[in-house]
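Visitor: I would like to learn how to read a two-chain model, one feature at a time. Could you take me through it?

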Amino acid sequence: MLEVKNLFALIVIRIKNWGAYRFDFFASILGMVLPILGLSLYWLDTLKYSVVDSFLFTPKTIILYYIIVYAIEMFFSYELAFSVEEDIETGRMNSFLLLPCNYLTIKLAEFLSTNLLPCCILIALTIVISLSSMISASLIAVLVFLSLLILGMLFHFIYVMILGLLTVWFKNVNGMLYFLQTIAGLLAGAIIPLSLLPERFAWLVWNPFSLSIYVPSETLLTGTINIAAPFALALWCFVIYALYRITWANAMRNYQAYGG
Amino acid sequence: MSLKLFTSLIRASLIRSMRYRFDFIMSLLEGLSILLINLTFFYTSAAIVSSDRQIELYLLAPVFQIFTGLFYGLFIDNITGLKYYINRGDLDWMLLKPVNSQFYISLRFINFGHIVSGLLAIPLIIVITSTYGIQVQLIDWCVACVYIAIAVLDGYAVLTTTTSIAIALTSSGNVSGIVLPLLSVGKYPRRIFKGLLSSIVVIALPCLVLCDFAKDAIMGSWRITEILMHIALMFVQIWIASTAFRASCYKYKSSGS
């Protein structure tokens, strides 16, 4: 109960911080809109000259696909990993460890508060798309979409926590984070829909990044329900949490608290 | 003087790269992952277009990679750090140095991982041109290099101008989150910009179409008037960037701890 109370108190502080840095937030939104614009222009041009009649996407669906994918991707920022990296580098971790509150709870509050506005944007977007009859998703499809989204957020939160904790060993993880972010984007279908890949890469759909981004987007867009997907993602969450516990235990053994 | 300073900065960056080898390797991998993603994207999407369009998409990915490698390698760790210099008060001593402040801030750190990842795309261009039987003359290579150099300097001008304006107006300066995704639009063929948008991009953001011009040059299609026009536009953009930088420095109030 105390943890929940702490969580809410921390979320309120984070929201106040967000209010103070409005420009940064709007800059991040604009930073997401621009690639969608580029991709949309590219696909509109490409599909105009397409020589394959059986191509799965139409100009409308592929633009919608990228809008949904980028809206979901807003949740999966790597800012938290940079924040953990800074805590370790500057020695701020010391003060967090002394607090009567779990470090994971503190970071979860940070993660959730950062994602409150993207969450509102995604909900608004889903309502607009549904009302304008661009897609006709069933209630089950929406429920599967939401369950994948929540599990995906959980997976991503623990995943970026692990990446941030690697600072204990590597000192500077910036390059590694950008590299992993790019690879994760490819695996998640954020660059190209995974259905466009050759048949022999079909198994890629079961990777956790795809289950968090590509599969929910496909579910919302086409109404195709893959009932095994939420279970597979839940399994990935257990695996990543076990990995986090091992990493945390080892990181605390190696942490030297020399920052500050 | 500037050349001597630049040489010293390169030497310092090299020493840093050797000291932090893991970071160097990760920057290299990050650069290569961008190439991998662009290649996957273009090879996958090229499957649905005619063969003549396929070749230009295949060539565009490595050309854009050279631009990205050089741009990120030279500027990404510098201008984007301006907001931190202001927050921490580091800008005070930088402005006091007896060198051109913009030059010093723009080229202080050089990321060799990105530069190497960019240069690694050159063999790929050679493989693609030889596979598809494209005869590339020496002059075509030179023109392509000129276009890429203009693109890098244009990208720098856009980043510096927007960062300076953001610092002057919002005290934030965190515009790299906008400019970098914007520059990534340069990986697409320029024909995606149509009508008025095409004219606006060529004049205001030429770096978005210059990789496509460089790709055309490799394929033997270029005009001297276009090169001269882009060089002229580049000088205008650099002048604007320099003016914006000076203006933001005038507005700067030392407040760091």
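This is a predicted model: local features need pLDDT of at least 70, side-chain atom pairs count only at pLDDT 80 or more; totals for chains, interfaces and linings use all residues.

Visitor: How many helices and strands does chain B have?

Guide: Helices (H or I, at least four residues) and strands (E, at least two) are DSSP runs, numbered from the N terminus. Chain B has 13 helices and 0 strands, and its pattern along the sequence is α-α-α-α-α-α-α-α-α-α-α-α-α. The radius of gyration of chain B is 19 Å, close to the 18 Å that the globule rule gives for 257 residues, so chain B is as compact as a globular protein of that length. That radius is taken over C-alpha atoms, and the globule rule is 2.2 Å times the number of residues to the power 0.38. The C-alpha trace of chain B spans about 60 × 45 × 35 Å along its principal axes.

Visitor: What share of the residues of chain B count as buried?

Guide: Burial is read from relative accessible area: buried is under 20%, exposed is over 50%, and partly exposed is in between (1.4 Å probe, protein chains only). In chain B, 55% of the 257 residues count as buried. For contacts (heavy atoms within 4.5 Å), consider those in chain B with a separation of 6 or more: 80% of them are between residues 24 or more positions apart.

Visitor: Where is Ser164(B) placed, and is Ser164(B) buried or exposed?

Guide: Ser164(B) sits in helix H9 (residues 138–170) of chain B. With a relative accessible area of 1%, Ser164(B) is buried. A polar atom of its side chain lies 2.7 Å from the backbone oxygen of Thr160(B). Beyond its neighbours within four places in sequence, Ser164(B) contacts Ala244(B), Phe245(B) and Ser248(B).

Visitor: How is the interface between chain A and chain B described, and how many residues does each chain give to the contact?

Guide: Chain A contributes 35 residues and chain B 37 residues. Buried area is the accessible area (1.4 Å probe) that two parts lose on being put together, summed over both. Here chain A and chain B bury about 3,200 Å² between them, with 76% of it on carbon and sulfur atoms. A polar contact is a pair of N or O atoms within 3.5 Å; within protein, one must be able to donate a hydrogen and the other to accept it, and residues adjacent in sequence count only if both atoms are side-chain atoms. Between chain A and chain B, 2 residue pairs are in polar contact, both at pLDDT 80 or more.

Visitor: Which helices of chain A supply at least two residues of the side that touches chain B?

Guide: They are helix H2 (22–48) and helix H9 (174–187) of chain A. The largest share of that side, 16 residues, comes from H2(A). By residue class, the side of chain A that touches chain B has 25 nonpolar, 7 polar and 3 charged residues. Ala, Val, Leu, Ile, Met, Phe, Trp, Tyr, Cys and Pro count as nonpolar, Asp, Glu, Lys and Arg as charged, and the others, Gly among them, as polar.

Visitor: Which salt bridges does Arg190(B) form with Asp212(B) and Asp216(B)?

Guide: The side chains of Arg190(B) and Asp212(B) meet at 3.0 Å, N to O. They are 22 residues apart, with Asp212(B) in helix H12 (residues 210–218) of chain B. Asp216(B) meets Arg190(B) at 2.8 Å, N to O. Asp216(B) lies in helix H12 and Arg190(B) in the loop between H10 and H11 of chain B, so this pair ties together parts 26 residues apart in sequence. Salt bridges that share partners join Asp45(A), Glu56(B), Arg190(B), Arg191(B), Lys194(B), Asp212(B), Lys215(B) and Asp216(B) into one network.

Key
Residues are numbered from 1 along each chain as its sequence is written. Chains are lettered from A and ligands numbered from 1 in the order in which they are written. Side-chain values use heavy atoms; hydrogens and water are left out. A salt bridge is a side-chain nitrogen of Lys or Arg within 4 Å of a carboxyl oxygen of Asp or Glu.
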